[in-house]
Number of protein chains: 2
Amino acid sequence: MTTQDAHARAENATDTAAAGKALGSHKGYLQGPRPDIRVPVRRVHLTNGKDVTLYDTSGPYTDPAIDTDVRRGLAPLRENWIVQRGDTEEYAGRELRPEDDGIKHTSPRGGLRNLDAVFPGRPRQPRRGRNGASVTQLAYAKRGEITPEMEFVALRENLSAEFVRDEIAAGRAVLPANVNHPETEPMIIGKNFLVKVNANIGNSAVTSSIEEEVEKMTWATRWGADTVMDLSTGRNIHTTREWVLRNSPVPIGTVPLYQALEKVDGKAEELSWEVYKDTVIEQCEQGVDYMTVHAGVLLRYVPLTARRKTGIVSRGGSIMAAWCLAHHKESFLYEHFSELCEILRTYDVTFSLGDGLRPGSIADANDAAQMAELDTLGELNRIAKAHDVQTMIEGPGHVPMHKIKENVDRQQEVCEEAPFYTLGPLTTDIAPAYDHITSGIGAAMIGWWGTAMLCYVTPKEHLGLPDKDDVKTGVITYKIAAHAADLAKGHPGAQLWDDALSDARFEFRWEDQFNLALDPETARAFHDETLPAEPAKTAHFCSMCGPKFCSMKISQEIREQHGATMEEVEAGMAEKSREFAAAGNRVYLPLAD
Amino acid sequence: MTTQDAHARAENATDTAAAGKALGSHKGYLQGPRPDIRVPVRRVHLTNGKDVTLYDTSGPYTDPAIDTDVRRGLAPLRENWIVQRGDTEEYAGRELRPEDDGIKHTSPRGGLRNLDAVFPGRPRQPRRGRNGASVTQLAYAKRGEITPEMEFVALRENLSAEFVRDEIAAGRAVLPANVNHPETEPMIIGKNFLVKVNANIGNSAVTSSIEEEVEKMTWATRWGADTVMDLSTGRNIHTTREWVLRNSPVPIGTVPLYQALEKVDGKAEELSWEVYKDTVIEQCEQGVDYMTVHAGVLLRYVPLTARRKTGIVSRGGSIMAAWCLAHHKESFLYEHFSELCEILRTYDVTFSLGDGLRPGSIADANDAAQMAELDTLGELNRIAKAHDVQTMIEGPGHVPMHKIKENVDRQQEVCEEAPFYTLGPLTTDIAPAYDHITSGIGAAMIGWWGTAMLCYVTPKEHLGLPDKDDVKTGVITYKIAAHAADLAKGHPGAQLWDDALSDARFEFRWEDQFNLALDPETARAFHDETLPAEPAKTAHFCSMCGPKFCSMKISQEIREQHGATMEEVEAGMAEKSREFAAAGNRVYLPLAD
């Protein structure tokens, strides 16, 4: 976000040198109402002496004054705020077990576990609400309390803290911040705030390592991911998550069902409330900020998918459907939903109610199964809110453009404006390898119409696991969609970023144009491919058109040469224009032939 | 396009082997009502024995039965149709001059001209309407004549020839087909047809060669470009265009003003109607199918751009604005518009009325300058139609999402539903190097709302000239936008393509999924990165999730194992559902606590 207020506040801010060099910017901080509220920003110093201040998700890694070490983890920014509230307690916590990492006591491969992989940072005990107390931002907001977290996001979004509190209290926004993830820099998800972007990472049985996942997380946040979901399904699932959490400046989401299924050897029918609950507590204690729960997949909805083109494409949805059919019983997630709420509220874990029956193809969009589940998510949202648990609602999927608005309108109505968190949607099925684009189109539109957070899709969607390049492409594509949505919603200040870049473009300030770009490196590289010399970066023409044909140059010359004249012409033309209108707005006479 | 009728017609069709191998398809032809009407299609043979027939723009190059040679040019497919109409004549034509290729008699560099570059194909004389006759598809359509060209596009679009004729007669569609470009395979541009995509190529003073441009043209059409604009501005402008035209299976567009400006050494004020007219005739004789003419940039509109953030960003627009101000006279294009119509109609060159005042930034979108010019384009459209000249209208540019619909609605109203041909629009300015995506979003939306052809934007927009990779990325991105728009418009048959791909996905027919993709090569390569082995391509799980977590697999198993049960459950559930509704649609009881 670029805001005028942010500019004004910049005077109070600390500014540090170049770590964000690759991003063409410098780390800065906006000072909040108390000394320990310092909101990070990207500050782009322009060659014309002006500054542009942008929203920053990259965490302490881009601050050269901070010495980060992934083996130690990030500093616990929020710890004092949590402790000072005095409503939580540390406790021994659930004992870790080999199966948390997918290792069976009886497995001959148990010994293969790489103990070096265990997170080596400071020892910690988990924390929870004292005597089962609600320690959620929602509970505080309802009571009229403005927390430091709310102050932080208010400054970050350039809105008042009271507005932030009000939106959270109404359930229109969530501030995901588990008391066991004090490293997170507070951020808010709601339709009256900037549209956010989530990046998925996670290893699978097939590929990738813990190190890669931690690197993907920092990489994704560097390019602008507001939250990260760790969707690991293979081995070392607990340990990978520990590394990711301790090093993440953004909220981390998970799907606990994936780990629960690992604990029962991948047999959906062997899942139980007990195994699931145990896994949820394990993850609450680790610090997961929001959890996808597919509690809306009810037994009676499964047959609605029978005639679909692509059945059930959500992993969680298909697991729960299989469980329901195998037992001929209602989903244990649904049956135990209140109990689940009572757990989550003692850690301030936010629900992300999963759309297990989302469409997986254009043909299945907005069908009966999807809409039936959405109604149930609306019901669960009300229950969660009553329990003080922050809640957002997940959305599709694959939806052609003309059916997108119906989707978000229905969700907003059924779920009382709870934040909508959508995957894309993909607007066509025909372009595997380009689904960041098929879905970026849908994401921009659904963001405009009210989605609060967009779950990215990478070029590897449907084909493989994303590597670092794919993560970057996915994040940048979704930052574009989110910003386009902010512009279309008329979010205050959003257009200042576009304006700053367009000014730089018109004035041939190439370096500024690069540094203001979402991806300065690539913009610079593309320019240099055609005109590599340094002087070309101050040249008054583009490499596209060459010096003779540059429209911007001609346009500038017109302005310079006819500067005075322009005013005169403008005045003179006003008179001509009136005559013209009086003559019926037709300059060119009707044809005789 | 995938159409059921196309399938039926396939029985009459010739099918040839693999040249389109890289595209995962085989060349086929749909046989029209006369032997020389054979519409090319891409036919994807699926592993389940079915065939999917797709629209094909790749020309004879993908037909292994045809021996193509860029030095000879393509066969003149339409020549007999043109000759048989008996309303045209061959004539000596304008004499070629060195300055047509940017070479001055007096220039010491004249000798540098590479004579080998002159197109070596069959000698030809230009053709034109006898005695100034209108030989346009619009003239024929108005007279109720259905031409072979109309029959061709009817078969190509799976619509009746009478419908095609009617849309052209009403000015709602254009069929760009210069009598001097008989090599082109007829195609149609109009909102009631499939949304089309244009790819720009062209060398500049700074970079690139004739060979590269010809290769970019064939490359662009291979990936789906429906037309190509040659925007060359450097040397060899005439010769480059000759090579491109003689080898192009799609209509070629140009901006004659660029070449005219070269003839007056880049000095806008030295332009004149005479130089311009000479250039237009030169290009009409060569076979250019449509020409961008910035006749709507009027003297009195120029001051409207004075307070803009990015002035005039259209090259043609800025050249004409400079001319108008320099002479303090009305645009010679506007003043001589009727005369221009009389030239174009004798070759059947289609107008693409340029939006010289289109916005170049979010800040300038839908402003007074843009709207004033649009009104004038509406006026010129009526004049062109009255002269039997086919006409489309160019559109922006940079427009935030919430202002896009207003744009297309206004164009449709002011221009009597003449085909809208838009550049993007870009929905934000902040992502140079990703403007194929910022604009792909806007393109999909404006396509849905009525744009007939989308001018692609490549990742190099604003930064440099596109290379082959950029051309491919731009075309694929815009094919996605166009197809998403076809789906949203409910174009008959459009969804069959998505359905075929989704079926393949659900049934783990990986090879079919790749071959049905817009870009089979990349889809296959991405999949192979994670799971390279051949058996993985028939594996019943994705590389993303691995065997245990595959939702599609679980979903299929549910269907198999509970096949009979599903029907019973469905019946039983219907009863339960009624009970549920009777109880107030609430399964979960209101909270007590």
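**Helices and loops of a predicted model**

Visitor: Does His462(A), at 13% relative accessibility, count as buried or exposed?

Guide: The model is predicted: local features need pLDDT of at least 70 and side-chain atom pairs pLDDT 80 or more, while totals for chains, interfaces and linings use all residues. Residues are numbered from 1 along each chain, chains are lettered from A and ligands numbered from 1 as written, and side-chain values use heavy atoms, without hydrogens or water. Buried means under 20% relative accessible area, exposed over 50% and partly exposed in between (1.4 Å probe, protein chains only). At 13%, His462(A) therefore counts as buried.

Visitor: What is the phi of His462(A)?

Guide: His462(A) lies in the loop between β15 (453-455) and α16 of chain A; helices (H or I, at least four residues) and strands (E, at least two) are DSSP runs numbered from the N terminus. Most residues other than glycine have a negative phi. His462(A), a residue other than glycine, has a positive phi, near 75°.

Visitor: How does Asp265(A) count at 43% relative accessibility?

Guide: Asp265(A) is in the loop between α8 (256-263) and α9 (273-286) of chain A, and its phi is positive, near 60°. Because its relative accessibility is 43%, Asp265(A) counts as partly exposed.

Visitor: Which residue is joined to Pro396(A) by a cis peptide bond?

Guide: Most peptide bonds are trans. This cis bond has an omega of about 15°, and the residue joined to Pro396(A) is Gly397(A).
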